[in-house]
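Student: I have not seen this structure before. Could we go through it one question at a time?

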Amino acid sequence: LKLHRRFALLWALVVCLLIGHNAYLWGSGRVVPDTDILALLPVQERDPVLQQSFSRMVDAAQQRVVVLVGAPDWDSAGRAADAYQAVLAKQPGLLALTVLGKDTERDWLAPFQHNALGLMSSAQEAQLATEPPQFWADTALSRLYSAFSGPKLGAFRDDPFGLFSGWVQERAQETPVRPRDGHLFVASKDMQYVLLPLVLKPPAFALSTQQAVMPLLDSANAAARAAAPKVEIISAGVVLHAAAAGTQAEGEVSTIGIGSLIGIVLLMWLTFHSFKPIGLILLSIGVGFLGALSVCLLLFGRIHLLTLVFGASLIGVAQDYGIYFLCNRLGADRAIDSVRLLRRLMPGLLLTLVAAVIGYMGLALTPFPGLRHMAVFSALGLIFAWLTVLAWFPLMVGAGSLHSGAFGARYAASIVGWPRLGWNKASLISLTIVALLVAAGWSRLGVNDDIRSLQTPPPHLVADQIKLSRLLDAPTPVQYFLVRGSDGEQVLQREEALKHRLDPLVTAHKLTGYQAISNWVPSAKADAARRALVNDKLLTDTGPLQLVAKQIGEDAAWIAATRDHLQRNGASMTPEQFLAAPAGEPWRHLWLGRHGDTHASIVALRGLDRAGLEQLRHAGDGIEGVQWVDKISEISSVLGRYRMVMGWVVAGAYLLVFGLLLPRYGRNAWRALAPTALASLITVAAFGLAGQPLQLFHVLALMLLLGVGVDYGIFMQESRGKDGATPWLAIGLSAANTILSFGLLGLSRTPALQAFGLTMLAGTALVWLIVPCFAQTKEQIDG
Amino acid sequence: MFVKLCRLAAIAALALPLGAQAAAPLAAIQAMLAKPAVLCGRFDQTKTLAGMKKPLLSQGRFCVVNGKGVLWRTLKPFPNTLRLTRDEIVHFQGERVAMRLDAKQEPTVRMINSVLFSLLSGDLGKLDTLFEVDGSVDNGSWKVALKAREPALAKAIGAISLDGAAYVRNIHLNEASGDRTDIVFSDIKTGEGAISAEEAALL
């Protein structure tokens, strides 16, 4: 007893330290949970070039907020956009508008004009190869005589055949956005939009950013509406999704936390008719939570919001130890003092802790950093709560201090008539039926590893996103081609080979276009070929120039002068020169540059049609160094692989726990494990029958279910040969609470959490109901 | 990214920067212009190009139909037609369509068309949003110099000057590159009868 007092005192010291540390953490504002949903994704050790391309494309997209302010007429749209902007300008540190510089880019076309000879649209390149000299002479003459023949860049003699104009026009069509009246302008059939490209200054995934940005955007929206009543505002950006997910998760934290607490309080009061046990259990959970938070922050320096969501769920499990002790105290002889009772319960308590920690540690085996944190957080919480029960409960709950209520007694009595499994007809029939159902369910089970099922953005965000990408025709950041080569020239050549394969798909409307550095800087090889083509087909003494000269009454000297003028063009730019120039700025993310021995670039795709995806992904087949990258399916396949791996981990955990139980329960060890295993099988079968495809989060829940369910088996086995009322009460209380807390996760609108919750709900309920069936009654043991 | 792209587009196609207030002489010029619903006539164009000894002469007919668009038909020395309507610009080289730009593809098409429409009909109020307009009125005729407000645009199209009375009589385009275009309008007719059946079918 003395030893225990000392232990309790020591533990009180530890708890004081925890409280102090937590007070410091909360007081100094260090507890700011992450809401970055990407932090839940696996960190893959893989191809560094591919990784870099991912971060380039994601970086380019992540901090952007794009807003379209539209109205049926341009003036209202402009007015609304100005009002919108005025609100944003009040907080310049948050969202910055990418402004239209007037003078800086005045001469940006100049470097291209200086080597324009090799620049032409791909259609013109094809025409050069096929069309006769007369065609080009006609083209030049019509350019010569018409007053308004479309855009003209420089003098006639700089571009007599309109090749450079064609190239510039082709480049302009890489975006439908145009400047107009100092705004950026884009139009749909009946709406005129002002485009406001915004850059978020603080990181999009910080909770504080989301809390500041959302109200700002709301008031900007209101201001725009006030300025022009018919305004339509379309906004998109990663931060909007992050904020929506964050709000949802926050809401769910409080529902789960509060729901779980109310459940516990209600059940405990009904059982013990006293608030003391509730207080004690809350105390153990509180210490568990504080301890987990302290250690996690010390270990990782930060904590993810979803870790906290699971922390809230932890309440449902950490109570088992307290409940188990209290129920045993209730049922035990008053002659036994609490410390001795604890010593008697120790093996069972230890087993339940180890089994649960094994269950949680299964989460740590996943590739998701968020889930690893959750595993550590949960396991730590359990250990702290468990130690609290051990240290304090025996001293605070003396013999005879608890009295059972009528509710608890009536429930506990229900164990007596519970059906038991044995070598009889009824057991065999019910087992056969269950086996058939399980087989039927499993045979129908589908799988779904789509990453998009991890999150459900609000429908209005999705609708805006779709509208926006249609209007802006911007490339997707998640699907593109990665092109590699031994040097820049080879990369450009391979891009060109790829583009050659993409052109027919553009014609077939499978995509609207592509963005690539080689659009701006042709490879030296292509440049030389085009120059040769121009020299050959257009600039010879007997070619189109001569036909033109004849028509306009010029002589051989003019032909020679024009040719010399055109050929005076310098060499074409290198990609590095282009990227360093102002014109290259919007395209820098496409050029990955040197990476060890390889050079790499991205070919981005605009206006992807889902129907054409299958064709598109094979467009680069056979071109060396060209790789199709699809981040969505990439991640989905990782999820799928880990679902498989986790399945094996669960199976392995069963074996491990069985090994753990074997020394203590011998040939009855299976009885502690079978209810959980059976409940898991039935739960999964139910998903199969309900047509819900299995995903990683179902399997993760099965892992957790093992940790929870095996407790109940252990409780039952620990009181083998007795009437079982005491463990039955503990199981009932604990299972009801687990269901309350995890069942609430089943209400989550996040499909992943919902899958997790539903599995826990069904699984825990089933374990609860069938665990007595596997325990032997006194008669069975005696007989 | 969009911004840079757009600067490119600003040059590839015309852009419209913020307009200023119309100056006083402009009101007087506006009052002198007839602004008929249909306006057709003959044009004679002289192009003086850098590196060429002789100027290039051409002539043809043009029609400006309010609410429909502009038809610009070069008849000599080569048949060559430009048609500008609300949603597209089509360039016929003889019978062949040499170029077609539609508004869906190139959103500035509508703006280009409205500028050309304004230019040919002398609608200075609209041109004012795009150009610095410097005008003078003298004895029943007027003269106007246009300078693009957007530097990039100024570089692409250079200086424009117009003169006329009830209708635009002359247009001079002076490009920064040294190329120069002078257009003289004559034989101007207005009203429904001004446009021939052939032209009406084309527009």
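This is a predicted model: local features need pLDDT of at least 70, side-chain atom pairs count only at pLDDT 80 or more; totals for chains, interfaces and linings use all residues.

**Cysteines and the disulfide**

Student: Is A:C773 buried or exposed?
Tutor: Buried means under 20% relative accessible area. A:C773 has 14% relative accessibility, so the residue counts as buried.

Student: Which cysteines are joined by a disulfide?
Tutor: Over all chains, the structure holds one disulfide. Its S to S distance is 2.0 Å, and the bond joins B:C40 to B:C63.

Student: What is the handedness of the disulfide of B:C40 and B:C63?
Tutor: Handedness is read here from the torsion about the S-S bond. For B:C40 and B:C63 that torsion is about 110°, so the disulfide is right-handed.

Student: How many residues apart in sequence are the parts that B:C40 and B:C63 tie together?
Tutor: Both cysteines are buried. B:C40 belongs to strand β1 (residues 38-48) of chain B, while B:C63 belongs to strand β2 (residues 56-65) of chain B. The pair therefore ties together parts whose separation in sequence is 23 residues.

**Chain A as a whole**

Student: What is the radius of gyration of chain A?
Tutor: For a compact globule of 783 residues, a value near 28 Å would apply. The C-alpha atoms of chain A fill a box of roughly 125 × 55 × 45 Å along the principal axes. The radius of gyration of chain A is 35 Å.

Student: What percentage of the residues in chain A is buried?
Tutor: Chain A holds 29 helices and 11 strands. Of the 783 residues in chain A, the buried share is 56%.

Student: Is A:D473 buried or exposed?
Tutor: A:D473 sits in the loop between α16 (459-472) and β7 (475-485) of chain A. Its phi is positive, about 50°, although the residue is not a glycine. The relative accessible area of A:D473 is 15%, so this residue is buried.

Student: Is B:N139 buried or exposed?
Tutor: B:N139 also has a positive phi, near 55°, and is a residue other than glycine. Its place is the loop between β7 (131-138) and β8 (141-148) of chain B. With a relative accessible area of 76%, B:N139 is exposed.

Student: Which residue takes a positive phi in the hairpin of β5(B) and β6(B)?
Tutor: Strand β5 (residues 88-93) and strand β6 (residues 96-102) of chain B pair in the antiparallel sense over six bridges. B:E88 is opposite B:D102 in β6(B). Two residues lie between the strands of this hairpin, and the one with a phi near 70° is B:G94.

Technical notes: Residues are numbered from 1 along each chain as its sequence is written. Chains are lettered from A and ligands numbered from 1 in the order in which they are written. Side-chain values use heavy atoms; hydrogens and water are left out. A disulfide is a pair of cysteine sulfur atoms within 2.5 Å. Helices (H or I, at least four residues) and strands (E, at least two) are DSSP runs, numbered from the N terminus. Buried means under 20% relative accessible area, exposed over 50%, partly exposed in between (1.4 Å probe, protein chains only). The radius of gyration is taken over C-alpha atoms; the globule rule is 2.2 Å times the number of residues to the power 0.38. Two strands pair if DSSP finds at least two bridges between them.
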